Amino acid sequence: MSHIVLLGMNHKTAPVDIREQLAAACLKDINPLHMIPHLEHVEEMVFLSTCNRVEFLFTCNSVAEGMREIKALLKTHVGLPASVALDSYLYLHKDLDAVKHLFMVASSLDSMIVGEPQILGQLKDAYRCAVEYRTVRVILNRLLHKSFSVAKRVRTETCIGSCAVSVSYAAVALARKIFGDLWDKSVLLIGAGEMAELAAENFLAQGVKRMMVANRTLERAMELAARFRAETVPFDRFLEELKTTDIVVCSTGALEPVIVYQDVRSRMRERRNRPLFFIDIAVPRDVDPKVNKIDNVYVYDIDDLQGVIDLNREERLNQAQIAEHIIDEETIKFRDWMNSLSAVPTIVSVRQKAERIRRNEVRKTFSQLPDLSDRQKEAIEILTESIIKKLLHDPIVFLKKRAQRDTQAVYMDFTQQLFNLAESGGGSESRDTQPDLPAPQPVLPTDRGAG
Amino acid sequence: MESFFLVIATLCYLSGTVGYLVYLFRDRAQLHRISWTILLAGALFHGAALAMYTAESGHLPLTTIHEALCLFAWVFVVTYLVLQIRLQLRILGSFVSPLAVVFMVSSSLLPSHIVLRNEFFKSGWVIVHVASLFLAIALFGLAFSLGIMYLLQESYIKKKNFGFLYGRLPPLERLDSIAHYCLMLGFPLMTAGLLIGFAYAAVVWHSPWSWDPKEILSVVTWIIYAVLVHERLAVGWRGRRAAWLSILGFSATLVTFIVASLLLSGHHSVVPGKM
């Protein structure tokens with residue numbers, strides 16, 4: 001029986017420089033998915049890397065072995081120095097916990113800004129990549145598709161999503177209340193987080209004149225700059241840009257404020273006191289709250305912005321609870337599906353389905369032929385029963401044999417699809433809602449029959 | 001007839017103000033258009049009354065503080081009506097029209113003894129002196145209203161505590177730049193008006209400066225605005241401090257205009273028996 005394992009680190013467990021190093025290294029060289037043929041115990045794998053998280057989602061038969069392989073992959077392939085004590089930053093989720101965690105991530109409940117919509121797109125990209133590398137099969141295929149539909153459900157049934165969208169919208173609305181038209185204003189992004197992107201998109205839609213990006217890792221800055229037609233600024237020189245820029249969006253992972261009172265104060269005269277608007281969406285904060293005391297300088301942190309849209313804290317917590325409830329429900333449904341992948345329940349339901357069909361057909365026949373005697377009826381019953389038995393004999397023997405193998409899940413899933421066993425929890429519904437994604441194929445093991 | 005027109009004008013201003021105050025709470029373009037038109041009608045009646053007075057007496061209605069304030073109120077309203085067409089800053093009406101009512105009502109409460117010798121007021125110089133100063137003060141009055149709006153809006157945004165006017169008030173930069181525009185237009189007018197006054201005084205009284213309290217206060221006011229203009233242009237002052245200073249400047253102007261005329265003696269005084 002395969003285990004689903006999720007190994008990773010996020011903004012809560014790892015400092016930003018570690019995360020950035022890891023994410024950058026993973027993107028730079030060959031994708032870690034490329035290494036999967038060399039891994040003995042890891043069966044399926046999806047690799048998700050954003051600026052706030054790095055996660056390996058994989059299935060394996062032995063959790064300890066799988067962990068060892070993935071950690072080794074991290075160390076050697078990614079080239080992290082041995083001095084970095086990686087273990088203290090990592091978290092590990094197994095089976096249902098991993099499923100739940102993935103659902104939380106997809107629904108943006110685990111994000112730095114709860115409800116920000118970018119993460120789902122990033123997860124879809126990660127999945128697409130895994131499909132290209134052919135590293136997802138039955139379980140992860142199903143799991144990822146499920147996570148997309150869970151995210152969609154959370155988005156439509158709670159207002160978690162509108163919360164984050166309106167945070168960046170609130171920032172733009174405030175900027176418009178300070179500056180009026182934004183067409184001659186320039187925006188500086190310090191740190192290139194998910195939320196910064198969202199804010200940048202909103203500001204760009206307002207037609208700001210100029211956009212600049214300063215980020216610790218230049219590559220990420222360049223990536224963002226290319227997307228928003230922006231310029232990059234060396235990270236250690238962004239303070240100089242305060243002289244010319246009008247709106248600053250801060251989202252670095254720094255633990256200490258990167259902009260303090262004197263930094264701004266001393267540059268206000270050179271700016272000729274033109275208003276300066278800081279949008280500080282970093283947690284912990286990037287801009288010292290004292291900066292707000294300077295004339296013509298306005299500092300809004302994430303709480304202030306959330307206060308602007310009058311969704312109060314209680315309401316937000318309430319929404320988060322609803323979302324978690326949805327996720328718990330879906331996790332249980334997924335567990336049921338996972339359980340059905342073992343041989344016995346599959347065989348049972350194949351038999352049940354056949355028996356149901358047989359009974360229905362027999363009943364129809366009897367009602368059309370009312371003058372059958374009891375003996376004749378009995379004969380028909382026996383006849384149909386034995387047809388079914390003979391017909392199902394070989395498939396069931398086959399399934400029982402395969403149940404001993406590691407790849408049983410593939411056959412069980414295939415069987416279920418072949419007989420259309422799971423009418424309610426069937427995979428088809430999630431596929432229809434994701435037309436932009438490659439449909440999960442029932443991948444039969446060819447080159448990697450682990451048996 | 002004149003006083004009848006003045007009453008109608010005051011009533012127009014009053015109802016225009018009511019319209020604009022309702023507009024503060026209800027964002028209806030229609031409401032603004034009606035209020036603006038009522039103010040315009042008031043200004044027409046007001047202007048007719050002033051014209052009739054001038055035609056009758058042969059000089060501008062400036063001989064008493066009552067008349068002077070009444071004339072100023074007219075200049076103020078007309079300045080607003082014209083600027084409104086250019087600026088399209090509708091909410092400004094809600095802050096300006098109450099001032100017009102205050103000027104009209106207080107002008108009718110002030111004493112109206114004729115004291116100033118009429119011959120001085122027939123000169124074209126006096127007309128230019130008064131016209132440019134009144135226009136300057138009217139512009140400063142608008143800057144004052146804009147300053148109040150700015151401070152309100154600024155405190156909402158700074159304290160992150162959004163009062164009910166937050167949504168209705170325009171962006172800070174817009175308020176600041178219009179105030180700047182009023183100031184840059186008003187200050188040269190004020191300077192010119194004062195210089196003409198000094199020149200005329202030099203001709204009539206053979207000395208440009210006679211330690212008249214109104215002269216002294218005018219110069220103080222001028223210095224306040226000079227500081228404001230200098231800081232705005234040279235240092236780049238803007239926003240809260242500039243708003244406070246323009247509020248201070250206009251208050252000083254009002255003090256100069258009313259208090260000095262009423263309580264202190266001199267050329268400009270209208271208190272009976274002192275001259």
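Buried residues (those with 20 or more other C-beta atoms within 10 Å of their own, against 12 or fewer for exposed and anything in between for partly exposed, C-beta atoms being placed from the backbone) make up 42% of the 451 residues in chain A. This is a predicted model, so local features need pLDDT of at least 70 and side-chain atom pairs count only at pLDDT 80 or more, while totals for chains, interfaces and linings use all residues. Residues are numbered from 1 along each chain as its sequence is written, and chains are lettered from A and ligands numbered from 1 in the order in which they are written.

Chain A holds 16 helices and ten strands; these are DSSP runs numbered from the N terminus, with helices being H or I of at least four residues and strands E of at least two. Take contacts next, meaning pairs whose C-beta atoms, placed from the backbone, lie within 7 Å. Among those in chain A between residues at least 6 apart in sequence, 75% join residues at least 24 apart.

Chain A has an open sheet of four strands in the order 2-3-1-4, with antiparallel pairing, where pairing takes at least two DSSP bridges between two strands. Strand 2 (42–50) and strand 4 (91–94) of chain A are the edge strands, each pairing on one side only. From one strand to the next, the twist averages 15°; axes here are lines fitted to C-alpha atoms, for helices over the stretch in contact, and angles run from 0 to 180 degrees between N-to-C directions. Helix 5 (residues 138–157) of chain A packs on this sheet and touches strand 1, strand 2 and strand 3 of chain A, its direction making about 35° with that of strand 2 of chain A.

Strand 1 (residues 3–10) of chain A pairs with strand 3 (residues 53–60) of chain A in the antiparallel sense, over eight bridges. Strand 1 of chain A also pairs with strand 4 of chain A, again antiparallel, over four bridges. A:Val5 shows both pairings: it stands opposite A:Phe58 in strand 3 of chain A and opposite A:Lys94 in strand 4 of chain A. Six of the eight residues of strand 1 of chain A are buried, so the strand is largely enclosed by the rest of the structure.

Another open sheet in chain A has six strands in the order 7-6-5-8-9-10, this time with parallel pairing. At its edges stand strand 7 (231–233) and strand 10 (297–301) of chain A, each with a single partner strand, so one side of each is left without a neighbour in the sheet. The twist in this sheet averages 20° from one strand to the next. Strand 5 (residues 186–190) and strand 6 (residues 210–214) of chain A pair in the parallel sense over five bridges, and A:Val187 stands opposite A:Met211 in strand 6 of chain A. Helix 8 (residues 218–227) of chain A packs on the sheet, touching strand 6 and strand 7 of chain A, and its direction makes about 155° with that of strand 7 of chain A.

Now for the nonpolar cores, each a set of buried Ala, Val, Leu, Ile, Met, Phe, Trp, Tyr and Cys residues joined through C-beta atoms within 7 Å. The largest has 122 residues, of which A:Leu189, A:Val249, A:Phe278 and A:Ile279 touch the most other members. Helix 5 of chain B supplies the largest share of this core, 16 residues. Apart from it lies another core, of 53 residues, with A:Leu33, A:Val46, A:Leu140 and A:Val150 among them. Setting aside neighbours within four places in sequence, A:Leu189 is in contact with A:Ala196, A:Ala200, A:Met212, A:Val213, A:Ala214 and A:Val249.

Where the two chains meet, 15 residues of chain A are in contact with 13 residues of chain B. Helix 6 (160–179) and helix 11 (302–308) of chain A each supply at least two residues of the chain A side, and helix 6 of chain A gives the largest share, five residues.

In chain B, helix 4 (residues 92–109) has 18 residues and should span 26 Å at 1.5 Å a residue, which agrees with the 26 Å between its end C-alpha atoms; the expected span is 1.5 Å times one less than the number of residues. Its buried residues, including B:Phe95, B:Leu99 and B:Phe103, pack against helix 1 (2–25), helix 2 (29–57), helix 3 (65–87) and helix 5 (124–159) of chain B. B:His32 is found in helix 2 of chain B, and counts as partly exposed because it has 19 C-beta neighbours inside 10 Å.
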